[in-house]
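Good morning, colleagues. Please look at the model on the screen while I go through a few of its side-chain and helix contacts.

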Amino acid sequence: MNKSDAAPKETAGQPDLRMEYKVQGLSCANCAREMQEEIRKLDHGQDAALLFGSGRLLVRPEIDLARVQRILSGDGASLALPSPGNDRKGEKERHDHADHGHGREDAHTRPQGHGHSHEHSHGEKADHSGQWLLTVSALLYAATFFVNNLLPDQVIILMYISSIILSGFSTFVRGLRNLVRLKFNMDTLMTVALVGAALIGEWKEATLVAILFGLNELLEGYGMNRARQSLEALLDASPKQAVLVKDGREVTVPISRLRAGDIVLVRAGEKVPSDGTVLSGYSALNEAAITGESIPVPKQPGASVFGGSINADGLLKIHIDKAYEDSSLAKIMHLVQEAQDTKTPTELFIDKFARYYTPAIMLIAVLIVLVPPLLFGQPWMKWLYEGLAILIVGCPCSLVLSSPVALVSGMTRCARNGVLVKGGVHLEQLGKIDAIAFDKTGTLTLGRPSVIREVVYDPARFHRVAAAVEAGSLHPLAEAVVRHATAAGGALAKEDLPQPAGLTTLPGVGLTASLDGTRYWVGSEEVLGRLSLPESARSRVLADLARLKKDGLTVVLAAEARRVLGLFGLADELRPESPDVVRRLHESGIAHTVMLTGDHAGAARAVAAKTGVTDWRAGLLPEQKAEAVRELSRSRTVAMVGDGINDAPALAAANLGIAMGKGTDSAVETADIVLMQDHLGKLPGAIGVARQAGRVIRWNIGISLTLKLIALLLTIPGWLTLWIAVISDMGATIVVTLLGLTVLLGKDKYPSPEPKA
């Protein structure tokens, strides 16, 4: 499978012992990469990870945080450290947790991934000082146009210098520091350009460059933070505390203290703290945080509930089945956070490209300054000006931002709709697939047998007898017969059915019992061997039975000694959305859809005909499913959709694995994408989002490189000015940021069908 390592991975067999800190002020992916390299040079910093997508820093506890802070502050970022009060609170919780008697590590002491998961800082949103300084700088610059002829030149230059300092001081300081270290990045380029423009007396243009670069940094930060905050809004579904019932008392505790086996109360309007089972009470839960569906789902004693669901009304007493960190919502939050920091092939290429691109731009600028005057006798000042313009054009901001904003926006939009994408690499891959392989049972079908057709010979007794006899069996086919017979037989209530006498199980055949003194048989076609039927009646039954089997149906018949009462034709019930989903996939350009199943050919043929898939293969073992996917992958980009343990090998073998949300743990863990609402309706929409994100990324890269190429070509006739350079660089950055956010703002073309209550 095409997978890319997210930065926070565990080494083989060992837990990740790095501490996690929130980082404020990260607005530039390239700068984040450079700061990560500096932090890794510190003692104990060799495996540090500065994750631009989610704004997190993972470092070992032994590292010198003061030096880390200095590295970050050099680029305008800072660590959001917990306050001493929070530490004391954590200590109290650890003490209380020990008293709770479970002897497990509290969430506040856990290393990577949990240490600050609920301490979301809003410092980035609250700090408006940069905006105020930029506004004052812009007003001061605008004022120079009105007083240019009224004040001495020295005063006008002082106004320009003040404007440059207000809008570009931090850039200037970082650039000088980098220049001393011979470290060439966008700050270095800007600093050299500003100093050069001032030296040749181009104060007006130098000031405009500083203001627009400051505006550019603000917009970069806004774009990425907007995408981050949209994704973090999903994490707000996390409950913070629970009402624990202990020794007959109700105690409010942090969710980190809950363990499997605890009993909690959830009142109307409150969130279910973790996955569990309803012990008492009736209500409806909004499960949108997990499934993406906002329609409340009725719950009663015995029903399963997801952590993070909102109780609409009524009081529920719930048995906690999983500690919060093992719950569905916690896993989603962890996967979403990891997804933000997974590098796609496009991003990895851009990162590598940017490493060599900036020094190359510096070299080109030097050549432009030196070659025309030295070899062709051109004026020095003109080509010095051109060289400065090249430095501004060369900033890789727009190129570096081409991908992350669009990817985070796309993953957020999918997650909002109940489709969990485990990384940007998988979102990119989702947009490229041209073939989909479906498992049958539990994916295209509900995984529950139902009566599809019936042949009735004795309407008066058929449904009543079949329901009464099969009510004594727990076999899935028997349950399907009882459901159908009680509904079709005049709305019979199960508790009103007559009680059979002498109920006996016949292995491999079915059941036999007496009703009202008459012996009946209900079971497979093997029952016919125990009956004494007239030849004409037997021929008729065999013909009807053959027609049902030809259509891929499993047959259950009900009979007395000398007469067959009727036949049930059963099959796995088709998901109501399956035919429409397959049709929409074909319309969207997925050329090949194939169904893979271990079921017999007749059943596979029937389901394939109803769903409209282009191909099907039956009688497959798990390893044969995986081989079929590998074979298909040789000529196409294939996604596999499945839900069971037997689908895990095929999910791993596909270019992209997609699991149904209520499938087995192995399928969900193996898959790259999870359909949390447990139906296929959102799959075409998710593919549309992935393709939109891919188009935006291609447009962003194209716009960035085209504008820079045009600007570079303008140097040949000497037409490149600082104004054009500014528009080329800053304009491209603004455009790619806004285009990336359009993925987040889009609406799904195809809403999913409403789930069954």
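Y141, F145 and Y160 form one aromatic cluster. The model is a predicted one, in which local features need pLDDT of at least 70 and side-chain atom pairs count only at pLDDT 80 or more, while totals for chains, interfaces and linings use all residues. Residues are numbered from 1 along each chain as its sequence is written, and side-chain values use heavy atoms, with hydrogens and water left out.

In total, the structure holds three aromatic pairs. Rings of Phe, Tyr and Trp (its six-membered ring) pair if their centres lie within 6.5 Å; planes under 30 degrees apart are stacked, over 60 edge-to-face, and the rest tilted. The ring centres of Y141 and F145 are 5.4 Å apart and the planes stand at 85°, so this pair is edge-to-face. Both residues belong to helix α5 (residues 129–147), and, being four residues apart, they are separated by about one helical turn. Helices here are DSSP runs of H or I with at least four residues, strands are runs of E with at least two, and both are numbered from the N terminus.

Which of these residues are buried? Y141 counts as buried at 8% relative accessibility, whereas F145 is partly exposed at 48%. The cut-offs are under 20% relative accessible area for buried, over 50% for exposed and in between for partly exposed, with a 1.4 Å probe and protein chains only.

Turning to Y141 and Y160, their ring centres are 6.2 Å apart with planes at 50°, so the pair is tilted. Y141 lies in α5 and Y160 in helix α6 (residues 153–180), so this pair ties together parts that are 19 residues apart in sequence. Y160 is buried as well, with a relative accessible area of 6%.

Next, a helix packing. Helix α14 (residues 404–416) and helix α25 (residues 683–713) pack at about 170°, their axes 9 Å apart. Axes are lines fitted to C-alpha atoms over the stretch in contact, and angles run from 0 to 180 degrees between N-to-C directions. The two helices are therefore roughly antiparallel, a term for angles over 145 degrees, with under 35 roughly parallel, 65 to 115 roughly perpendicular and the rest oblique. On α14, the contact (heavy atoms within 4.5 Å) is made by A406, L407, G410, R413 and C414, and on α25 by A686, V689, Q692, A693, V696 and I697.
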